[in-house]
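I opened this entry to look up the sheet, the helix packing and the nonpolar cores. I start with the sheet.

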Amino acid sequence: MKYVSTRGDAPALDFGDALLTGLAVDGGLYVPDSLPPFDPEQLAAWRGRPYAEVATGVLADLVAPALSVDELGPMVEAAYATFDHDDVVPLRQLGEECHLLELFHGPTLSFKDVALQLVGRLFEHELARTGRTITIVGATSGDTGSAAIEAMRDRDGVQLVMLHPAGRVSEVQRLQMTTVEAPNIHNVAVEGTFDDCQDIVKALFADRSLRDDVGLAAVNSINIARVAAQSVYYVTAALALGAPDRRVAFTVPTGNFGNVYAGHLARRRGLAVEPFTVATNRNDILARFLLDGEMRIDHVEPSLSPAMDIQVSSNFERLLWEALDRDGAAVAEAIGELRSGGVLPVGSEVVERIRAGFRGDRSSDEQTTATIARVHDEHDVLIDPHTAVGVGVAARTPTEADVMKVVLACAHPAKFGDTVMDATGHRPELPERLADLPDRPERFVTVPDDVDVVRDLVREHAR
């Protein structure tokens with residue numbers, strides 16, 4: 001298995017090198033050069049098997065030959081032993097034809113744990129094997145930061161610098177990052193939006209001198225290992241609901257397109273599912289593209305679902321690479337024009353290729369609040385605002401009668417307790433292990449939206 005850049009001007013890497021490199025040196029994202037298809041008999045055999053067993057099977061071909069199954073298996077088992085639910089990612093029924101896929105039973109109550117608990121172990125294994133050290137720099141709109149910190153804390157050979165937009169994450173999200181007392185963890189609040197944080201990270205990765213000096217690496221969804229790990233729960237959920245004999249349609253709340261692209265990877269390998277529905281909040285660049293055929297950058301507006309307050313969806317580049325027939329130069333040109341002019345220059349043929357596999361819609365804050373209230377009233381279930389965006393969009397998306405809808409439940413409702421309380425009159429409680437979170441001391445620095453300031457911090461912590 002080799003991984004190539006979406007922009008076509010970086011060396012092809014095996015899984016281990018792609019894992020540690022993150023963003024390609026040409027600014028592109030790594031994608032599998034080819035995707036090994038699932039064997040139909042193997043898919044059927046995975047139905048009902050433990051999650052870790054399925055995850056090892058799904059990922060084995062993607063990590064070979066850098067990792068053998070004997071090496072991968074114990075890391076997978078250890079990663080998912082940290083989850084509070086025996087099924088790791090259980091399905092919860094909402095009505096006759098809709099299920100929630102609960103992805104928030106990991107250490108930080110976010111779907112990001114599903115990938116990052118494994119990715120942390122993969123990093124440590126690869127660093128020990130090669131004798132390297134790295135400095136991870138990431139940007140978070142909420143949950144990636146805490147999940148990455150929990151995955152990387154106290155790991156040998158790793159320094160982690162995590163950027164978050166000051167005042168634009170929930171209190172629980174911030175505290176889960178800033179209260180971690182580990183010498184290799186460094187939190188930075190940037191006076192700007194998530195897109196500003198992401199732009200700083202991309203600028204640092206474009207600095208080849210810095211990359212070489214400090215061994216820059218990435219853990220957010222630009223890292224292909226994260227996307228690969230997330231593809232597993234689409235397989236387990238679809239099989240549990242009867243696919244391929246029963247039609248299954250996923251609705252995915254998303255801002256950065258990584259979570260839904262993971263499902264697309266599973267579909268490309270042969271998982272029989274319906275077109276994905278992309279659910280966005282008022283920052284609806286993805287929904288507008290799928291509805292209207294034009295991708296135009298607008299201003300980021302704060303919302304009740306802050307992890308989705310994004311206008312530049314990095315992982316969309318991976319799908320664009322496919323739609324442009326894997327033409328790296330064309331991808332680089334199109335993304336350059338999007339960033340410089342604010343509009344993605346693609347023709348109707350490319351738009352229709354993408355629409356063949358994806359639909360999109362949006363939920364306003366008012367609709368999100370109403371959905372939280374409705375789900376509680378009708379099903380006695382509390383959901384967070386990101387999940388509510390998905391549930392609201394799924395309810396308005398027409399499907400045929402025999403299609404089972406699955407909405408990805410991305411975060412525990414207690415991470416957004418004020419919003420849930422306002423909508424339902426009930427405050428969800430944090431698990432007992434996090435009950436004292438508000439009383440723990442915080443450690444972070446606040447900096448302006450200035451790449452040079454952050455570059456200096458990264459060099460300092462790398463030392």
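I count two strands as paired if DSSP finds at least two bridges between them. The model is a predicted one.

Sheet. I looked up the strand order and found an open sheet of five strands, β8-β5-β6-β7-β13, with parallel pairing. At the edges I noted β8 (216-217) and β13 (445-448), each of which pairs on one side only. I then checked how β8 is held to β5 (residues 134-139): the two strands run parallel and are joined by two bridges. Ile136 has Ala217 of β8 as its bridge partner. Next I asked which helix packs on the sheet. I found helix α19 (residues 451-462), which touches β5, β6 (158-165), β7 (185-191), β8 and β13. The direction of α19 makes about 145° with that of β13.

Helix pair. I looked at α6 (residues 143-152) against α7 (residues 171-178), and their axes lie 8 Å apart at an angle of about 25°. The crossing of α6 past α7 is left-handed. From α6, Asp143, Gly145, Ser146 and Ile149 make the contact; from α7, Gln173, Gln176 and Met177 do.

Cores. The largest nonpolar core has 112 residues, and among those touching the most other members I noted Tyr80, Phe123, Tyr234 and Phe250. Helix α10 (residues 224-240) gives the most to this core, with twelve residues.

Technical notes. Residues are numbered from 1 along each chain as its sequence is written. This is a predicted model: local features need pLDDT of at least 70, side-chain atom pairs count only at pLDDT 80 or more; totals for chains, interfaces and linings use all residues. Side-chain values use heavy atoms; hydrogens and water are left out. A nonpolar core is a set of buried Ala, Val, Leu, Ile, Met, Phe, Trp, Tyr and Cys residues joined through side-chain atoms within 4.5 Å. Buried means under 20% relative accessible area, exposed over 50%, partly exposed in between (1.4 Å probe, protein chains only). Helices (H or I, at least four residues) and strands (E, at least two) are DSSP runs, numbered from the N terminus. Contact means heavy atoms within 4.5 Å. Axes are lines fitted to C-alpha atoms, for helices over the stretch in contact, and angles run from 0 to 180 degrees between N-to-C directions. A crossing is left-handed if the near helix is turned anticlockwise from the far one by less than a right angle, and right-handed if clockwise.
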